Amino acid sequence: MAERAPSWIELMGRHAASSSLFISAVLRYESRPDDSDTAQAGEFTLRYGPGERWRIDRAGHTVYVRNPRTTFLREGEEMRRLPGSFHLLDLGPVSPLDIVGPDTLLHNLSRRLVPTRTATSVVIDGRRGWELTLVPDTGDPGRLTVVIDDATGLLMRLDSTENELATTLTDVEVHDTLPASTFTWDGLIAAVPPDPADPLTTLGQRREVISAVASALEHREQVFHALADSADTDAARAELMNLLDVTTTGADAILAIQLRRLSRQERTRILRERDDLVAEYRRLSSGS
């Protein structure tokens, strides 16, 4: 008797459950930007734990460390401690946060995708997985081929014809736990330069960025369509400035993140911070 393939709903349940695992793996990717004949390729070595615990290395250097209390990001040759709870994280065409954890691209896109056929069994890096081809439920063009690991639910492979992006997760190991030291940074930390600006100016700069991102979140579908129809980054920036009435700085902040990757909790936190910043800016401006 032939083995029954798991359904799309079953596979998404396994994928959601994978965020509760401690894992180590290597993520390899290849991306071909629009209107470019040159592919960008790279790889990350990652360690992940529940509660958004991360350690990500690239080319022999740690580039991102996160635990529930602190986040560190490599900028140039230095690791910096990031203030606050919301960060504009740009690790390239794709990052491990898109593939592993509670807010993967597949998780965030799944509500708008439907499978074209029953899952088929495949083997990647010695691990059994289930391959599905997904298309938008609206009938729009585009196709996403994914492979979900049978044992863990991890997204082992993603191939997007629309975004010209392909990723593969290899060297996967599942751990009972990982030491707390894995998700901390005990190396040198870049000194925070003194801020010559007055508090009102600093607050205004932060408000400018957060307000722009919040506005984009409140008009997500319009933003997605605007970006998809833009020929290049300059055109996308101009479209965002016109659509949302934001500054160049605000538009660049929106372009630096992937809105669909933000969890519901992070989106709520951004909107709350926007309101708090507006209120504090008004208070300081009035001198009260």
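Which residue stands opposite Val 65 in strand 5? The points below answer this and then describe the rest of the predicted model.

1. **Strands 4 and 5.** The residue opposite Val 65 is Phe 72, in strand 5. Strand 4 covers residues 61-66 and strand 5 covers residues 71-75; the two run antiparallel and are joined by three bridges. Together they form a hairpin, with four residues between the strands.

2. **Strands 5 and 6.** Strand 5 also pairs with strand 6 (residues 78-81), again in an antiparallel manner, through four bridges. Here Leu 73 stands opposite Arg 80 in strand 6. These two strands form a hairpin with two residues between them, and Gly 76 in the turn has a positive phi of about 70 degrees. As a general point for reading such pairs, side chains in a regular strand alternate between the two faces of the sheet.

3. **Overall composition.** The protein has 288 residues, of which 43% count as buried. Its secondary structure consists of eight helices and 12 strands. Among the contacts with a separation of 6 or more, 55% are between residues 24 or more positions apart. The accessible surface comes to about 15,400 Å², and carbon and sulfur atoms account for 49% of that area.

4. **The nonpolar cores.** The largest nonpolar core contains 41 residues. The members that touch the most others are Leu 46, Trp 54, Ile 56, Val 100, Leu 106, Leu 134 and Leu 169.

5. **The surroundings of Ile 56.** When neighbours within four places in sequence are left aside, the contacts of Ile 56 include Phe 44, Thr 45, Leu 91, Pro 96 and Leu 97. Ile 56 is also in contact with His 61, Thr 62, Val 63 and Tyr 64.

6. **Helix 7.** Helix 7 spans residues 248-255, and its buried residues are Gly 250, Ala 251, Ala 253 and Ile 254. Viewed down the helix axis, these buried residues fall within an arc of 155 degrees, so they line one face of helix 7.

7. Side chains of opposite charge can pair when their charged atoms come close. The whole structure holds 14 salt bridges. In one of these, the side chains of Asp 150 and Arg 14 meet at 2.9 Å, N to O. Because Asp 150 lies in the loop between strand 10 (144-149) and strand 11 (155-160) while Arg 14 lies in helix 1 (residues 8-17), the pair ties together parts that are 136 residues apart in sequence. Asp 150 is partly exposed, with a relative accessible area of 26%; Arg 14 is partly exposed as well, at 30%.

8. **Further salt bridges.** Asp 57 and Arg 47 meet through their side chains at 3.4 Å, N to O. Asp 57 is in strand 3 (residues 53-58) and Arg 47 is in strand 2 (residues 40-49), 10 residues apart. Asp 57 counts as buried at 17% relative accessibility, whereas Arg 47 counts as partly exposed at 27%. Arg 274 and Asp 275 form another salt bridge, at 2.9 Å, N to O. In that pair, Arg 274 counts as buried at 17% relative accessibility, and Asp 275 counts as partly exposed at 45%. Elsewhere, salt bridges that share partners join Arg 28, Glu 43 and Asp 171 into one network.

Notes:
Residues numbered from 1 in each chain as written. Predicted model: local features only at pLDDT ≥ 70, side-chain atom pairs only at ≥ 80, totals over all residues. Heavy atoms only, no water. Core = buried A, V, L, I, M, F, W, Y, C linked by side-chain atoms within 4.5 Å. Buried < 20%, exposed > 50% of the residue type's maximum accessible area, 1.4 Å probe, protein only. Contact = heavy atoms within 4.5 Å. Areas by Shrake-Rupley, 256 points an atom, 1.4 Å probe, with all protein chains shown as cover. Arc of directions from axis to C-beta. Salt bridge = Lys/Arg side-chain N within 4 Å of Asp/Glu carboxyl O. Pairing = 2+ DSSP bridges.
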